[in-house]
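Please look over the sequence and the model shown here.

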Amino acid sequence: MEDSIHIKARRILESYLEENKLRKTPERYAILDAIYQMKGVFTLEELSLLLAEDNFRVSRATLYNNIRFFLKLRLVVRHTFMEGTKYSAGLVKQNLCHQICTVCGEVKEIQIPAVMRAVSEARYKRFHQDTYALYVYGMCSSCQAKQTRKKLQSYKSDIRKTKA
């Protein structure tokens with residue numbers, strides 16, 4: 001399944017480059033291949049590291065230019081989170097909900113069947129819906145525990161001060 005999506009992305013790129021008489025550079029294909037290897041959302045730094053691990057180094061400008069190009073072709077999707085911009089492969093049907101901690105910035109992909117059902121059953125006027133993303137902001141359990149410990153320590157400290 002993933003291979004067929006990756007092949008489809010390469011075909012879209014190849015077709016666009018041929019139709020518009022643009023160069024078929026190895027950098028474009030290497031970046032596209034790396035994007036479709038990534039699981040979930042990624043930063044440009046993470047993408048750059050993956051390319052470097054594959055012994056394919058590209059300049060920051062080349063990476064940014066190709067990401068913009070792939071966004072235009074809808075081969076990549078941009079996500080704006082609190083800690084910054086992340087990307088994901090565009091052809092992967094990503095009807096995702098993201099759970100984002102407002103304290104530490106952790107992002108988790110979650111499934112909410114009721115939301116999925118509601119979006120798939122919605123009727124749009126003169127519009128074809130491809131994918132959607134929902135961002136749910138809150139505090140993760142780890143940050144909640146830290147905050148509770150901090151409050152408890154502060155409370156204990158206040159009690160010691162009043163007894164002294």
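**A loop residue and a helix with two partners**

Apart from neighbours within four places in sequence, Val92 touches Ile5 and Tyr36. The model is a predicted one. Val92 sits in the loop that runs between β2 and β3 (96-101). Its relative accessibility is 32%, so Val92 counts as partly exposed; the class covers values between the limits of 20% for buried and 50% for exposed. Ala9 lies 83 residues from Val92 along the chain, yet the C-alpha atoms of the two are 9.7 Å apart.

The next subject is helix packing. Two packed helices are described by the angle between their axes and the distance between those axes. For helix α2 (residues 26-37) and helix α3 (residues 44-53), the angle is about 110 degrees and the axes are 10 Å apart. The two helices are therefore roughly perpendicular to each other, since angles of 65 to 115 degrees fall in that class. The crossing of α2 and α3 is right-handed. On the α2 side the contact is made by Ala30, Ile31, Ala34, Ile35 and Gln37, and on the α3 side by Leu47, Leu50 and Leu51. Sorted by class, this contact of α2 with α3 holds 7 nonpolar residues, 1 polar residue and no charged ones.

Helix α3 also packs against α4, at an angle of about 115 degrees and with 11 Å between the axes. This crossing of α3 and α4 is right-handed. Here Leu44, Glu45, Leu47, Ser48 and Leu51 of α3 meet Arg60, Leu63, Tyr64 and Ile67 of α4. The contact of α3 with α4 comprises 6 nonpolar, 1 polar and 2 charged residues.

Which residues of α3 are buried? They are Leu44, Leu47, Leu50 and Leu51. Viewed down the axis of α3, these buried residues fall within an arc of 120 degrees, so they line one face of the helix. The buried residues of α3 pack against α2, α4 (60-72) and β2 (84-89). What does the face turned away from the buried side of α3 carry? That face has the exposed residues Leu49 and Glu53.

Just after α3 comes a backbone feature: Asn55 adopts a positive phi of about 55 degrees.

Key. Residues are numbered from 1 along each chain as its sequence is written. This is a predicted model: local features need pLDDT of at least 70, side-chain atom pairs count only at pLDDT 80 or more; totals for chains, interfaces and linings use all residues. Side-chain values use heavy atoms; hydrogens and water are left out. Axes are lines fitted to C-alpha atoms, for helices over the stretch in contact, and angles run from 0 to 180 degrees between N-to-C directions. Helices (H or I, at least four residues) and strands (E, at least two) are DSSP runs, numbered from the N terminus. Angles under 35 degrees count as roughly parallel, over 145 as roughly antiparallel, 65 to 115 as roughly perpendicular and the rest as oblique. A crossing is left-handed if the near helix is turned anticlockwise from the far one by less than a right angle, and right-handed if clockwise. Contact means heavy atoms within 4.5 Å. Ala, Val, Leu, Ile, Met, Phe, Trp, Tyr, Cys and Pro count as nonpolar, Asp, Glu, Lys and Arg as charged, and the others, Gly among them, as polar. Buried means under 20% relative accessible area, exposed over 50%, partly exposed in between (1.4 Å probe, protein chains only). The arc is that of the directions from the helix axis to the C-beta atoms.
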